[in-house]
Number of protein chains: 2
Amino acid sequence: MAMDDRKFRILQAIIDDYILTAEPVGSRTISKKYDMGLSSATIRNEMSDLEELGYLDQPHVSAGRVPSAKAYRLYVDQLLEQGTLRNLDEETVRAHFTGRAHQMEDIIDQAAQVLSTMTNYLAVVLPPSGRPPVIRNIQLVPVATGSALVVIVTDTGIVRDTVIRYNGQLSSDTLYAISQALTQELSGKTLPEALEVLPEVSRRVGDNADLLRSLSGFLGERKEKGRKPHVAVGGTSRMLTLPEYSDMERVRNLLSLVEARDRLASIVRQNGNVQFTVRIGPESGIPEMENCSIVTATYSTYSGQQGTIGVIGPTRMQYQKVISVLSSMGQQLTELFGHEDGHAGPGDSSDERRHS
Amino acid sequence: MAMDDRKFRILQAIIDDYILTAEPVGSRTISKKYDMGLSSATIRNEMSDLEELGYLDQPHVSAGRVPSAKAYRLYVDQLLEQGTLRNLDEETVRAHFTGRAHQMEDIIDQAAQVLSTMTNYLAVVLPPSGRPPVIRNIQLVPVATGSALVVIVTDTGIVRDTVIRYNGQLSSDTLYAISQALTQELSGKTLPEALEVLPEVSRRVGDNADLLRSLSGFLGERKEKGRKPHVAVGGTSRMLTLPEYSDMERVRNLLSLVEARDRLASIVRQNGNVQFTVRIGPESGIPEMENCSIVTATYSTYSGQQGTIGVIGPTRMQYQKVISVLSSMGQQLTELFGHEDGHAGPGDSSDERRHS
DNA sequence: GTTAGCACTCAATCAAGGTGAGTGCTAACT
DNA sequence: AGTTAGCACTCACCTTGATTGAGTGCTAAC
């Protein structure tokens, strides 16, 4: 016995209904609500077949049927194939996501916010990452006697800054001179490379050994740990309204996942070059995500770095909606970061980008 | 009838027991577990009095008694008076809170983490704020053609940065010259003040009207919205293990509060100059916090700015522990920020501070 | 003033029975 | 051969009622 067209249509109806209600679906419901022109008995036979084929599960004998992960997989694959769903939410996303902010973090926060309100699920947005950033400019700004702010502008537009301290006093002009020297020597290099050549540079620049040692220490630390990236999350509380989270155990699971940002990031992060990933239930291989689906998309920056945006929800997720919204958001982030200044947002207050 | 010493001791026992078990406390429990040398009947009489005095509530007639907000208030006041509890957790806090980080945000994140693990409640840490920061130094760092990073170093050590764009090309040296001029003119001023005099400065500096307009726009925006401060939160998932959060409704309340960081901040933020605040249940005046207590403490920076750290938990909170931990943490943050560089953490890798 | 004793209350627990949604199977129908 | 009506069966869920036990308030004796 194989999957024929009628079986598929019935399966689809079951999935649709289950996504809507979160209740096991009975044969009578399908026969009546989705008029297939078939009696419940016939549906019943087909459902029995579908169960045998592994597309349906039965919580217990006198309950309706529930779609299996395999069913969702089929459903989603079919959705993606026909590809009609894209861009349905394009405009709504544009309307809510202004991207009008100066800091990268604000932007991804806002993106997560929009994603979660539009989908009603948990949204995660990871900042761009990828190949190591290349130094463009180093600037030392006097803060107080004996301390300076190090600003490193990289090609990704991400600015890393910290205060270092040194002995003695250096004038603003001296610091500028050192900055220029450092920029000269180090621009075009990645952070680890810069760290390597720093001693040599230090010799050449000469008499500020102390300051350069501090700088070196800072770079070294950064190399090891990296700045832990800011992971934006939205919609946690919204998830709790879903019936699947009336179970405390699951809520706790979800919450501790959300709290462990780095773990969350590693779960969501998408490798490879596909535009989309849909991982349904156990496909993710993550034990506590058995009942969740993870849909991710990517966006990219002008410098070729890649970021991930993702939505986590129950397996009975509104896949069409989620995929459509993610797709639009991915596109818009790509647009937003697709410009030379790297940092986001129209610094001037022009409104062009929305229509470009 | 008034509160006498015996009544007080009984009340204390009830509170202690309720804090421990979260179950209504019966007369027999008090008589046996806390040997008062009194029979349950006597305790019962006293409890009846205590109820009449408003210190105890009875969920229903055949249940034990539960301390009222008034009881906790008395209990806490008494704790604070005797003041013996301070510094009990000093060492543990020191051990877990290294404060070893370059970014302010990392530090307050870590502080929230430590607070929540040590108390098992929800911890909130607000960055220092207070009088408006005064500009010390302005620096424009070239990022790409037509765009520059604005770094403003303020006396609070907090660095605000953003990329602005302008027409045309300016060399690194030109930008430096402008930076110097701006620093000259604007240092010592607050942001709003700077915004006011900027047009004038613009005239004097001359031919870079476009850039200065961008800068002015940026400052104006900042003035309005301010950079939304980073509010660190820790221990959300830990709260769910408490029996009072087996109710979904409450969990949702808590969660949406945690998600609305600004609201959370306004709840926790402590005004006035007291070292401590303990708000018990309805005292906070916040409807959804009726069953919660909020304990806050402050820390301050060398520049006189003040930050708040707080713990939110059920009214039957372990007040002693919480107060002690908050106290130690506040002290340590004050120490940490009590130095000229404002930005935190030993930039060098010396270990001195832990013993200073 | 303290305590033992007793009647009383009431949430919580559990078993028993009823209900209804849903199934699987069979036999009749097209 | 596919479809459908009918029927027996299953089982989660709800209701009901009885039981239990923690806890109280009151009274009378110490």
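Which side chains meet in a salt bridge in chain B, at 3.2 Å from N to O? Those of R9(B) and D5(B) do.

## About the model

Welcome! This is a predicted model, in which local features need pLDDT of at least 70, side-chain atom pairs count only at pLDDT 80 or more, and totals for chains, interfaces and linings use all residues. Residues are numbered from 1 along each chain as its sequence is written, chains are lettered from A in the order in which they are written, and side-chain values use heavy atoms, leaving out hydrogens and water.

## Pairs in chain B

Over all chains, the structure holds 28 salt bridges (a side-chain nitrogen of Lys or Arg within 4 Å of a carboxyl oxygen of Asp or Glu). R9(B) and D5(B) sit 4 residues apart, about one turn, in helix α1 (residues 5-21) of chain B; helices are DSSP runs of H or I with at least four residues, numbered from the N terminus. D5(B) is exposed at 54% relative accessible area, while R9(B) is partly exposed at 39% (buried is under 20%, exposed over 50%, partly exposed in between, with a 1.4 Å probe and protein chains only).

Helix α4 (residues 69-82) of chain B holds R73(B) and D77(B), also about one helical turn apart. Their side chains form a salt bridge at 3.5 Å, N to O. R73(B) is partly exposed at 25%, and D77(B) is partly exposed at 33%.

## A link in chain A

E46(A) and K7(A) form a salt bridge at 3.0 Å, N to O. This pair links distant parts of the chain, 39 residues apart: E46(A) belongs to helix α3 (residues 40-52) and K7(A) to helix α1 (residues 5-21). E46(A) is buried at 5% relative accessibility, and K7(A) is buried at 5%.

Terms used:
Helix = DSSP H or I, 4+ residues; strand = E, 2+ residues; numbered from the N terminus.
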